[in-house]
Amino acid sequence: MNARVVVADDQSVVREGIVMLLGLLPGIEVVGSAKDGEEAVELVAELAPDVVLMDLRMPRCDGAEATRRIRRDHPGTQVVVLTTFADDDSLFPALQAGARGYLTKDAGGEEIVRAIQAVLSGEAGLSPSVQRRLLERVTAGPPPLPTAPEPQLPDGLTPRELEVLVLIAEGLSNLEIARSLNISQATVKSHINNLFAKAGVRDRAQAVRYAYVRGLAQPPG
């Protein structure tokens, strides 16, 4: 019994070439072709194919999203990705969306047939290069945890302006702030002018109240 296949690719020349190639392969029947992911989903709902050969970079609905929707709504249809791209940003989202096969477009006809047969028998239909990439990812261990982002300061204050504001709230003069931060009084005045403008305050008393209200400094006692 032939495997019923839908081909999805946004480039008409590529799509027609794949359809022509599949038509020459034993055990394959092309029942439809789609120019984007949205049309691929519609064709699956209409034709209930066994397999979709899915490109990834397509307009309206990309291949990964189309794969997710097909596997969610039509679990009897398997997806084999057939794409130019084998980078991590293409590979892993497609597999996570539910694709059981992943080939690059330099795959020959026999490799495509093997992938289709593999996914229909419940196995993975992955090209050798993709298998190597998955193995490298597994043996490399989990990626490092992302560092925590720096907390966002209100109104665009810089860390240095915050330091000056906190010292103002502690009652220090410009000279004392300059000594504490090892900067000149002129630099202190520049920071004060900038933070006053950003905070929308006119004097030191308003600046102190601003710092207290926003939790940037603690009131005494």
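Reader: Good to know. Is this an experimental or a predicted model?

Author: This is a predicted model, where local features need pLDDT of at least 70, side-chain atom pairs count only at pLDDT 80 or more, and totals for chains, interfaces and linings use all residues. Residues are numbered from 1 along each chain as its sequence is written, and side-chain values use heavy atoms, with hydrogens and water left out.

Reader: Thanks! Which are the buried residues of α3?

Author: In helix α3 (residues 63-73), they are Gly 63, Ala 64, Ala 66, Thr 67, Arg 69 and Ile 70.

Reader: And what caps the N-terminal end of α3?

Author: Asp 62 does, with a side-chain oxygen 3.3 Å from the backbone nitrogen of Ala 64.

Reader: Let's switch to the strands. In what order do they form the sheet?

Author: The order is β2-β1-β3-β4-β5-β6, an open sheet of 6 strands with parallel pairing. The strands at the edges are β2 (28-34) and β6 (125-126), and each has a single partner strand, so one side of each has no neighbour in the sheet. Two strands pair if DSSP finds at least two bridges between them.

Reader: How many bridges join β1 to β2?

Author: There are 6 bridges between strand β1 (residues 3-8) and β2, and the two run parallel. In that pairing, Ala 3 stands opposite Ile 28 in β2. Helix α1 (residues 12-23) packs on the sheet, touching β1, β2, β3 and β4, and its direction makes about 165 degrees with that of β2. Touching is about contact, meaning heavy atoms within 4.5 Å.

Reader: What about α2, which strands does it lie across?

Author: Helix α2 lies across β1, β2 and β3, running at about 135 degrees to β2. For these angles, axes are lines fitted to C-alpha atoms, for helices over the stretch in contact, and angles run from 0 to 180 degrees between N-to-C directions.

Reader: New topic: how many salt bridges does the structure hold?

Author: It holds 10 salt bridges, each being a side-chain nitrogen of Lys or Arg within 4 Å of a carboxyl oxygen of Asp or Glu. One of them joins Glu 38 and Arg 69, whose closest N and O atoms are 2.9 Å apart. Glu 38 lies in helix α2 and Arg 69 in helix α3, so this pair ties together parts that are 31 residues apart in sequence.

Reader: Are those two buried or exposed?

Author: Glu 38 counts as partly exposed at 21% relative accessibility, while Arg 69 is buried, with a relative accessible area of 18%.

Reader: What does Glu 65 form a salt bridge with?

Author: Its partner is Arg 68, with the closest N and O atoms 2.6 Å apart. Glu 65 and Arg 68 are 3 residues apart in helix α3, so about one helical turn separates them.

Reader: Now Asp 36. Where is its place?

Author: Asp 36 sits in the loop between β2 and α2. Asp 36 is buried, with a relative accessible area of 4%.

Reader: Which residues is Asp 36 in contact with?

Author: Leaving aside neighbours within four places in sequence, Asp 36 is in contact with Met 58, Pro 59, Arg 60 and Cys 61. The side chains of Asp 36 and Arg 60 make a polar contact at 3.0 Å. A polar contact is a pair of N or O atoms within 3.5 Å; within protein, one must be able to donate a hydrogen and the other to accept it, and residues adjacent in sequence count only if both atoms are side-chain atoms. A polar atom of the Asp 36 side chain also lies 2.8 Å from the backbone nitrogen of Glu 39.

Reader: Last one: where is Arg 60?

Author: Arg 60 is in the loop between β3 and α3, and at 60% relative accessibility Arg 60 counts as exposed. Its phi is near 65 degrees, a positive value in a residue other than glycine.

Definitions and conventions: Buried < 20%, exposed > 50% of the residue type's maximum accessible area, 1.4 Å probe, protein only. Helix = DSSP H or I, 4+ residues; strand = E, 2+ residues; numbered from the N terminus.
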